[in-house]
Amino acid sequence: METVSLTQLRRYLVAHQGYATRFRRGRASDVATAIGRLGCVQLDSISTVDRAHRLTLTSRVGAYPRGVVSKLLGAGRIFEYWAHEACLVPIEDYPLFKRRMEHLRTRHWWGREHKHDPKVKKRVLDALREHGALPTRFFEGGGGGGMWNWKPEKRILEDLFAAGEVAVAGRDSFQRLYALPEQVIPREYLDAPAPSEEEFVRGYALRAVQGRGALTESGIAEHCRFQGGIKAMRPVVDSLEADGLVRRVAVADGGAPVVVPAAAKIDGVTPSGGVLLCPFDNLLWDRAFVERVFGFRHVIEVYKPALQREYGYYVLPFLYGARLVGRADLKADRAEGVLRVKACHLEPKVRRSGALETAFERALDRLARSIGLERVER
């Protein structure tokens, strides 16, 4: 088994993510390509700076028009589903996730059983069939322009979504627009057979490695939300390795080997500039792995009381070259068109320098422009 250093692994991981360190403008095709390359992009409702998926995507493709993701969903070029969390997923993987839809047909992602009034379920599906894509508020009544003054519909829609009986056709102010799968999913993917359990686990594990670049066996299980951890993943990786699809690589720190695509070259020329990363960026999902490889303890403190926060409410790690050197507590003031820097924290062993400060200023400016703000205030 070959052995690589932590420095080589860091460079490879960062290069694999494809971050942009210069301002540019992206198109819908760039967004779809980035989602395909990453395998999935996490969604989150917090918009202190911007939505999580937008921060993740703009750090790679640059500024892109608002509404692009919703249009891609409606056109069936990507789909939304439970992957690592609620995620944007390339449409080519829709058949793969039919197995997870089977898993969630009677019980939700977080364990709640699906218990519906059949009559209410029929009314919801009939409404989607008649009207096409609809937001939850269509069903809520109570002066909201809806048609029924009851609220079981949201639970039913969530459960039908998990089971694959409805799909997301877009977002309106981040609220899902639900539709029947045949109204948005291309027929070639909708009619494809569901994989077996073994095919699903192998396929999704491979997609995780391809999207992230390098994962430990426990990291694969965490990425895919598989049960069983290392013990369950080891024979899966053995099988993928035997088929020439992945290979294991030892790391000089003596920790668990990483699994990489078979053709991966473990090194990489990383950009010299800096990038502010979404707290829910794919690179940061495996926090223990991030701490091991980058020496950076990634924390998300949005759910902590203010007095218990160490770094701030919505904090973006700062990637400089191939190192995570600090973090910034940021807030977008859209009324004023300003990205406000509430606090900055360098890592303990990082020395300030003119080059580092310049890279940070440029990263702030690029982030502000990418999410439609005019200036930065520190």
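## Contacts of I300

Apart from its neighbours within four places in sequence, I300 is in contact (heavy atoms within 4.5 Å) with P279, F280 and R287. I300 is located in the loop between α13 (287–294) and β11 (315–320). The C-alpha atoms of I300 and Y313 are 8.0 Å apart in space, while the two residues are 13 residues apart in sequence.

## Basis of the model

This is a predicted model, in which local features need pLDDT of at least 70 and side-chain atom pairs count only at pLDDT 80 or more, whereas totals for chains, interfaces and linings use all residues. Residues are numbered from 1 along each chain as its sequence is written, and side-chain values use heavy atoms, with hydrogens and water left out.

## Overall architecture

The protein chain contains 14 helices and 14 strands; these are DSSP runs numbered from the N terminus, with helices (H or I) of at least four residues and strands (E) of at least two. The radius of gyration of the protein chain is 22 Å, close to the 21 Å that the globule rule gives for 378 residues, so the chain is as compact as a globular protein of that length. The radius is taken over C-alpha atoms, and the rule is 2.2 Å times the number of residues to the power 0.38. Along the principal axes, the C-alpha atoms fill a box of roughly 65 × 55 × 40 Å.

Among contacts in the protein chain with a separation of 6 or more, 64% are made by residues 24 or more positions apart.

## Burial, surface and charge

Of the 378 residues, 55% count as buried, that is, under 20% relative accessible area with a 1.4 Å probe, protein chains only. The chain exposes about 17000 Å², of which carbon and sulfur atoms supply 50%; areas come from the Shrake-Rupley method with a 1.4 Å probe.

The mean positions of the 60 positive and 46 negative charges lie 3 Å apart. Lys and Arg count as positive and Asp and Glu as negative, without His and the chain ends; each charge is placed at NZ of Lys, CZ of Arg, CG of Asp or CD of Glu.

Helix α1 (residues 6–17) has 12 residues and reaches 17 Å from its first C-alpha to its last, close to the expected 16 Å at 1.5 Å a residue; the expected span is 1.5 Å times one less than the number of residues. Its buried residues are L9, R10, Y12, L13, V14 and Q17. G18 follows α1 and has a positive phi, near 70°.

In helix α3 (residues 52–61), 10 of the 10 residues are buried, so this helix is largely enclosed by the rest of the structure. Among them are H53, R54 and R60. Just after α3, G62 takes a positive phi of about 90°.

Technical notes
Buried means under 20% relative accessible area, exposed over 50%, partly exposed in between (1.4 Å probe, protein chains only).
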